Amino acid sequence: MGESRLSEGMLLRSLIGLVLVCFCWGTEIAAAEGPRVKPAAPPVSLIDQALADLSSEDQSTQEAAVLFLSERGDPSLLLKLEAIRDSADRSVRLALKPLMDQLKNRINLSSPDVDQRRSAAADLGSAGKPGAIPWLEAALENEPHRWVRYAIEESIALLQLASTNPDDQITAATKLGELRSQNAVPALKELLQQGSDGSATAQHQAVASAARAAIEQIDIWASWAGAFETIFRGISLSSILLIMSLGLAIVFGLMGVINMAHGELMMVGAYATFVTQECFKAYLPPGAFDYYFLVSMPVSFLVAAVFGLILEATVISFLYGRPLETMLATWGVSLVLIQAARVYFGDLTSVVAPSWLSGGVQAMVGVYLPYNRIFIILLSILCVCGIYFLLFRTGIGLRVRAVTQNRDMSSCLGIPTRKVDAYTFAFGSGLAGVAGCALTLIGNVEPGLGQNYIVDSFMVVVTGGVGKLMGTIVASLGIGGLNKLLEPSFGAVYSKVLILVLVVVFLQRRPSGLFTIKGRHADT
Amino acid sequence: MTTAAGSSRREFLAQSGRVVAAAGVASLLGNLGGWALSYAADKEPIKIGILHSLSGTMAISEVSLKDVVLMAVEEINAKGGVMGRKIKPVVVDPASNWDLFAEKAKQLLVVDKVAVVFGCWTSVSRKSVLPVFEKNNGLLFYPVQYEGEECSHNVFYTGAAVNQQAIPAVEYLMSKEGGGYKKFYLLGTDYVYPRTTNKILRAMLLAKKVPAADIMEEYTPFHHQDYQTIVGKVKKFAAGGKAAVISTINGDSNVPFYKEFANQGLRAEDAPIMAFSVAEDELRGMDTTALVGHLAAWNYYQSVDTPQNKKFVADFKAYCKKNNLPDGEKRVTDDPMEAAYFGVHIWKQAVEKAGSTEVDKVRKAVYGSKFLAPGGEIKMDEANHHTNKPVLIGEILKDGQFKIVSRSKGLVKPEPWSEYTSPDKGCDWIGHQGTYQKKA
């Protein structure tokens with residue numbers, strides 16, 4: 001015991017020594033860095049005086065100090081300011097925050113990270129401190145990235161807009177109009193207001209007319225950008241609907257089986273993605289984590305397909321030709337699957353989108369396209385192409401189509417219809433798994449996941465016309481697009497109601513959907 | 001004939017005597033038995049009900065409340081129970097189905113005859129069980145913040161009223177310290193809590209001279225997953241700065257909302273989201289990298305630095321591990337869990353003070369009672385069935401915990417009727433027997 005305490009004491013002492021050494025070394029470096037970073041630094045005493053004034057009781061002295069330091073804008077002050085903040089009371093901390101933000105943003109203007117540069121430029125613009133203009137102009141000169149340049153230019157113009165010189169204001173307003181800057185609209189409107197006041201001078205009016213022109217320019221652009229974004233959102237929602245209902249449509253069309261467990265097969269796919277992610281976390285180096293999603297897609301397809309095979313063999317194969325019973329049985333299976341997932345996984349599981357799928361790309365001014373949506377659109381196109389190839393360009397597809405058209409005749413000609421059924425069902429289930437995998441990019445993974453989407457998928461399949469691939473595609477585009485068209489003006493709740501009403505009305509006109517199956521077998 | 005008659009009479013008398021004696025003995029025995037039974041009943045466990053959705057859209061939040069109530073019960077039982085009697089919980093699952101809530105509440109009160117019920121999260125579930133509790137004179141401890149405008153004899157509200165969460169949160173956002181925000185996007189799930197809260201907040205903002213054009217209001221259905229359009233609108237609204245989102249989105253819709261918010265390039269610095277229904281437990285199920293810097297307003301956080309909270313957090317983790325609950329030691333505590341937890345203890349204190357589990361006696365014993373909760377001492381109000389608690393604003397950190405950025409001075413007195421929408425109304429069960437009109 002005694003010995004161990006002794007050694008602990010020694011350890012402690014040597015640790016303290018080490019810390020002291022580090023501390024001395026650190027202060028030395030800081031002392032050495034000070035003059036090296038800023039060779040032409042102003043007399044230290046002024047800055048020190050201002051730093052001392054920061055903690056002053058007197059409000060005006062404090063404000064003057066903040067102003068002085070902010071004009072000086074020396075980033076190396078940041079460390080000292082942090083030290084002051086840590087020991088200061090609340091009013092000083094409040095006064096320090098904008099100053100420190102400004103200094104931090106100045107440093108970040110030359111950060112290697114594009115997003116950081118960009119947000120630093122935007123923050124400097126919205127902070128309204130004209131002292132930042134020279135920094136921004138300096139940063140603009142060697143900025144390679146297009147959208148960072150845009151943010152810097154916008155910020156410079158925004159700061160100039162707040163100046164007192166009308167000529168500067170007019171150039172800034174014109175520039176902002178050219179930039180189509182949505183951020184400038186409130187400030188421009190204010191100028192417009194000032195110009196229309198009774199007491200406005202000729203200069204004010206000149207500024208106001210420049211502001212009016214700029215606002216018009218921005219508004220016209222905004223309506224175009226809005227239209228473009230609506231179209232993108234419509235396509236994005238449509239592709240989600242499509243990817244969910246493809247499997248359902250194939251199974252429904254081929255076998256006449258109303259698979260109520262389709263949503264739960266999506267859930268199986270989503271959990272397969274989750275498990276893949278956990279495996280990557282547990283067994284692979286962190287660098288490989290970003291690629292888990294590529295692995296999880298085939299994994300969720302296979303897992304869901306196996307589930308589908310089992311479901312077909314154990315439940316559906318006994319109930320062919322009895323659609324109502326199949327519906328009930330698969331409904332039961334879906335409840336079992338939900339509870340099983342709840343018992344095994346609990347109600348909370350999160351899938352972390354890989355870094356290459358989070359964030360988005362700026363397509364043009366005011367239009368920002370998230371990567372995950374783009375990915376899902378591409379994935380749905382891939383799925384449709386895959387299905388088309390499989391159905392119309394392979395021997396298996398030929399058999400599937402033959403069985404769909406005339407089961408008895410195909411059977412007579414030696415096609416093993418039972419096998420075709422089983423494989424088609426597994427394939428449809430696998431597609432549901434892929435859909436579930438894609439959905440983890442948007443929502444969360446929970447046992448009720450399938451229930452959220454199953455109504456939408458059925459709506460698409462029925463509207464499209466049962467068993468028609470083309471119908472499913474057109475219906476999902478129509479429903480998704482219409483939804484996004486209605487949502488901005490009606491809100492999420494009423495647009496959903498409206499869509500349902502429209503679908504009901506449509507089905508009364510055309511009970512068999514958009515694309516009806518023509519020919520003799522239609523009523524068999 | 002006569003002899004026969006005589007003998008039969010004698011026989012009859014004797015027989016009736018025996019019958020009387022037997023009856024006497026029987027009745028005595030019966031009394032004894034009854035007494036013995038009643039004695040046994042004293043030592044029988046006290047049944048309490050737990051009414052939380054263990055499935056459906058609200059399971060993401062409510063499962064943990066069930067767990068923490070069971071933990072509190074286990075704690076109390078380990079220390080000998082209430083008045084020497086153990087507590088026996090009856091857990092039911094209303095599955096996020098509001099009608100089922102009323103049915104299950106009735107089952108708890110009428111069939112299981114529980115002494116008290118701990119439960120509900122959404123206001124719609126509380127509203128649907130309210131008539132059941134009032135008709136059967138049951139007692140409900142409701143642990144979640146809510147929209148107010150309610151004053152029931154049969155409910156104790158251990159969560160926050162609007163003036164203990166939503167209003168201070170918006171006041172914070174408007175203050176210089178909070179960022180001086182001037183435009184507000186009120187976004188919620190479409191049901192009674194968000195709609196009423198936003199009605200109060202709108203009245204408050206208008207009273208504080210925020211122009212109506214700078215207040216947006218929008219609702220989505222439960223389970224809504226597609227936030228593309230709404231986030232697009234927020235982005236447009238927030239252009240030019242000084243706009244904040246006030247989120248009353250409930251349940252699992254929060255995940256797609258925050259994901260979309262980040263993916264469309266909006267940062268907390270552009271427009272912070274102040275949420276009233278996102279706590280540590282919801283964050284556990286989310287990818288938090290996108291959420292850093294957004295805000296929430298509650299009366300408790302797991303990061304509250306008190307010795308009793310450290311014990312509470314450690315106890316809960318140990319409880320989850322011991323009982324093999326999903327996620328085990330990785331589980332976290334949050335505000336409604338704390339409120340559910342101290343609700344059980346407040347009830348236990350009241351039962352012991354009243355010396356009975358009878359609802360009317362317990363209710364009186366709750367008034368003005370205090371308890372050293374994990375987040376610090378709280379006090380049940382003397383008259384309005386709500387709880388005096390502190391208000392804390394927190395900022396989301398990378399690990400899914402909250403950094404407390406603002407804290408009320410002391411406990412805030414609950415006001416079920418907001419001063420902005422119903423300045424003339426109050427709630428008082430001592431002087432006024434319920435809701436009353438304040439005299440000017």
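Predicted model: local features only at pLDDT ≥ 70, side-chain atom pairs only at ≥ 80, totals over all residues.
Biologist: Take Trp147(A) and Tyr150(A). Why is that pair edge-to-face?
Modeller: Their ring planes are at 65°, and planes over 60 degrees apart count as edge-to-face. The ring centres are 5.7 Å apart.

Biologist: Where do Trp147(A) and Tyr150(A) lie in chain A?
Modeller: Both are in helix H8, which covers residues 146–161. They are three residues apart, about one turn of the helix.

Biologist: Is Trp147(A) buried or exposed? And Tyr150(A), buried or exposed?
Modeller: Trp147(A) is buried at 8% relative accessible area. Tyr150(A) is buried too, at 15%; the cut-off for buried is under 20%.

Biologist: Which residues do ring pairs link into a cluster?
Modeller: Phe280(A), Phe289(A), Tyr292(A), Phe293(A), Trp356(A) and Phe375(A).

Biologist: Switching to chain B. What sits over the ring of Tyr142(B)?
Modeller: The charged end of Arg126(B), 4.7 Å from the ring centre. In another such contact, Lys425(B) lies over the face of Trp417(B), with 4.5 Å to the ring centre.

Biologist: Now the sheet. What is the order of the three strands in chain B?
Modeller: S11-S12-S13, as an open sheet with antiparallel pairing. S11 (370–373) and S13 (387–388) each have a single partner strand, so each has one side without a neighbour in the sheet.

Biologist: How many bridges pair S11(B) and S12?
Modeller: Four, with S12 spanning residues 376–380.

Biologist: And what stands opposite Lys370(B)?
Modeller: Lys379(B), in S12(B).

Terms used
Residues numbered from 1 in each chain as written. Chains lettered and ligands numbered in written order. Heavy atoms only, no water. Phe/Tyr/Trp six-rings, centres within 6.5 Å; stacked < 30°, edge-to-face > 60°. Helix = DSSP H or I, 4+ residues; strand = E, 2+ residues; numbered from the N terminus. Buried < 20%, exposed > 50% of the residue type's maximum accessible area, 1.4 Å probe, protein only. Lys NZ or Arg CZ within 6 Å of the ring centre and 35° of its normal. Pairing = 2+ DSSP bridges.
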